[in-house]
Protein chains: 2
Amino acid sequence: MSLIDIDATPFLGLLPPRVAEELLGLSVLVKYSNGQLIHTRGELKPGLSIVHSGAAHVGVNGIDGTFVTAAALGQGECFGEFTLFTDLPRTHDVSSIGETQIYQISKSKFDSLYEREASISRALLKTTLTRTHILLETLDALRRLPILERTAKTLLTMSYTLGRADSLIIKQIDLAYSLGVTRVSLAKALKQLASIELIEIGYGRINFLDRDALARWVQQHCGISD
Amino acid sequence: MSLIDIDATPFLGLLPPRVAEELLGLSVLVKYSNGQLIHTRGELKPGLSIVHSGAAHVGVNGIDGTFVTAAALGQGECFGEFTLFTDLPRTHDVSSIGETQIYQISKSKFDSLYEREASISRALLKTTLTRTHILLETLDALRRLPILERTAKTLLTMSYTLGRADSLIIKQIDLAYSLGVTRVSLAKALKQLASIELIEIGYGRINFLDRDALARWVQQHCGISD
DNA sequence: CTCAAAATGTATAATATTTAGCATTTGATC
DNA sequence: GATCAAATGCTAAATATTATACATTTTGAG
């Protein structure tokens with residue numbers, strides 16, 4: 001954790017301002033109210049999406065009403081890039097959390113710019129590779145860490161991809177599914193994190209009280225060796 | 001699983017033949033005997049590596065002798081791409097499995113070709129995004145599936161990234177760490193998979209008896225809803 | 001071929017986690 | 001501000017998993 005420190009700059013911030021502007025010029029800004037479906041698993045139409053405001057939850061809706069969150073994305077983060085390069089349907093459901101605005105860019109418009117501007121592929125690769133790295137860390141946490149540590153680390157990771165937001169809007173049951181534990185076990189872990197004042201448990205939300213302290217706690221308790 | 005079917009073509013196979021040739025022309029072919037360290041976590045020198053023959057295990061060596069495998073890579077698969085775009089040290093240890101030859105390409109040589117040939121960024125993005133997808137599936141398996149199913153799915157995934165190899169060279173204890181369970185639990189799962197003749201348990205290896213049957217079994221038992 | 005080291009096989013007690021149930025709190029709506 | 005659905009809080013029995021221990025098998029070195 002101390003050895004390799006991840007840059008949390010979202011995709012949009014990695015582009016040179018001129019290119020970012022040009023890319024957004026090709027987009028349509030779409031508004032969503034709280035909890036609306038932005039994309040559905042299986043959908044075929046390819047395109048890139050970028051969060052303008054609000055937040056998006058990426059995950060998979062189970063038939064039984066469960067929702068397993070894979071990531072919570074804040075301002076400047078992108079999603080849908082998988083559809084641009086693979087000719088495959090969407091792998092995840094994406095929903096808006098709160099009032100949310102998303103830039104939607106069709107594959108054809110994206111492609112025209114991609115050919116001209118090498119900075120786009122570099123930014124996208126950096127974003128994707130960073131996410132791969134985060135996923136590997138998450139995977140590692142899931143394998144190695146007890147529930148308490150796993151919970152803390154997941155909360156920290158989500159807080160990063162959400163940008164500067166100071167609370168995570170999520171139900172305990174959904175968070176529990178995302179962590180691969182039951183609600184009972186998660187509640188126990190959350191209570192413990194709340195008791196040392198790293199977080200505050202709300203109704204349908206988790207408030208981050210002190211992100212730096214949380215980061216330190218995670219580093220101390222979840223490190224590998226370095 | 002049936003909805004979204006992943007293309008297992010390795011990185012090298014995604015490049016137009018001319019570009020692949022040119023890229024390998026910039027590389028140095030390095031030989032490794034069984035179990036040699038190819039890269040170490042924390043190493044700073046950036047560069048791309050491509051498996052020419054043999055196989056490479058990517059993971060993290062614990063101080064206590066444990067090794068958590070993140071992936072097993074066969075012919076044509078690449079690794080180290082993270083170092084090309086992030087200016088960060090390597091996040092994983094990579095070891096050779098059996099007699100292995102690796103094409104090593106320095107960052108500077110890679111960059112010169114990257115600028116000229118857009119097909120490289122496309123291939124790399126496709127590879128990386130596919131891996132992200134595989135990681136998300138693995139993550140999902142780890143959260144949702146019981147040990148037996150998780151074991152089968154992981155074995156199948158590894159068999160894909162290994163190419164046409166018909167056995168996975170790995171100790172049960174390492175595989176157990178990779179699955180986040182104890183050796184005892186893994187042994188139980190392996191025994192069950194062996195009893196229905198999907199695999200064969202060897203000494204320091206798992207043999208794939210019928211990859212298609214394994215794929216069908218995984219699809220039947222590990223699917224989401226589609 | 002023999003032997004030692006390494007890896008797998010297996011049993012049992014201890015522990016962590018889940019399941020299932022009901023109680024309590026919260027927030028939105030009328 | 002009363003009411004109801006949704007979400008969280010909590011408990012105890014049932015279950016899965018781990019830790020620990022030791023036996024057995026396999027491989028490779030001499």
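Trainee: What makes up the area buried between chain B and chain A?

Mentor: Keep in mind that this is a predicted model. The buried area comes to about 4,400 Å², and carbon and sulfur atoms give 71% of that. As the area is summed over both parts, the figure covers what chain B and chain A lose together.

Trainee: How many residues of each chain are in contact?

Mentor: Chain B puts in 48 residues and chain A 48 residues, with heavy atoms within 4.5 Å as the test.

Trainee: Why is Arg122(A) with Asp111(B) called a salt bridge?

Mentor: The closest N and O atoms of Arg122(A) and Asp111(B) are 3.7 Å apart. The cut-off is 4 Å between a side-chain nitrogen of Lys or Arg and a carboxyl oxygen of Asp or Glu, so the label follows. Between chain B and chain A the count is four salt bridges, and there are seven residue pairs in polar contact, both residues at pLDDT 80 or more.

Trainee: Which elements give two or more residues to the side of chain B that touches chain A?

Mentor: In chain B they are strand E4 (67-73) and helices H3 (81-86), H4 (107-116), H5 (118-144) and H7 (172-179). H5(B) gives the most, with 17 residues. By class, that side of chain B has 23 nonpolar, 14 polar and eleven charged residues.

Trainee: Now inside chain A. Where do the domain bounds fall?

Mentor: Domain 1 of chain A is 11-128 and domain 2 is 146-222. Their C-alpha centres lie 25 Å apart, and the contact takes eleven residues from domain 1 and nine residues from domain 2. Together the two domains of chain A bury about 860 Å², 63% of it on carbon and sulfur atoms.

Trainee: How many salt bridges does the rule find across that domain interface of chain A?

Mentor: Zero salt bridges there, though three residue pairs are in polar contact, both residues at pLDDT 80 or more. On the domain 1 side, strands E3 (47-61) and E4 (67-73) of chain A each give two or more residues. E4(A) gives the most, with five residues.

Trainee: What makes Phe85(B) and Phe110(B) an edge-to-face pair?

Mentor: Two values settle it. The ring centres of Phe85(B) and Phe110(B) are 6.3 Å apart and the planes are at 85°. Centres within 6.5 Å make a pair, and planes over 60 degrees apart count as edge-to-face, so both tests are passed. Phe85(B) sits in helix H3 of chain B and Phe110(B) in helix H4, so the pair ties together parts that are 25 residues apart in sequence. The search of the whole structure finds six aromatic pairs over all chains.

Trainee: And how do you know that Glu43(B) forms a salt bridge with Arg90(B)?

Mentor: Here the closest N and O atoms are 3.3 Å apart, and the cut-off is 4 Å, so Glu43(B) and Arg90(B) qualify. The pair links distant parts of the chain, 47 residues apart. Glu43(B) is in the loop between strands E2 (37-39) and E3 (47-61) of chain B, and Arg90(B) is in the loop between H3 and strand E6 (93-106). Over all chains, the search finds 22 salt bridges.

Methods
Residues are numbered from 1 along each chain as its sequence is written. Chains are lettered from A and ligands numbered from 1 in the order in which they are written. This is a predicted model: local features need pLDDT of at least 70, side-chain atom pairs count only at pLDDT 80 or more; totals for chains, interfaces and linings use all residues. Side-chain values use heavy atoms; hydrogens and water are left out. Buried area is the accessible area (1.4 Å probe) that two parts lose on being put together, summed over both. A polar contact is a pair of N or O atoms within 3.5 Å; within protein, one must be able to donate a hydrogen and the other to accept it, and residues adjacent in sequence count only if both atoms are side-chain atoms. Helices (H or I, at least four residues) and strands (E, at least two) are DSSP runs, numbered from the N terminus. Ala, Val, Leu, Ile, Met, Phe, Trp, Tyr, Cys and Pro count as nonpolar, Asp, Glu, Lys and Arg as charged, and the others, Gly among them, as polar. Domain bounds come from an automatic or database domain assignment. Rings of Phe, Tyr and Trp (its six-membered ring) pair if their centres lie within 6.5 Å; planes under 30 degrees apart count as stacked, over 60 as edge-to-face and the rest as tilted.
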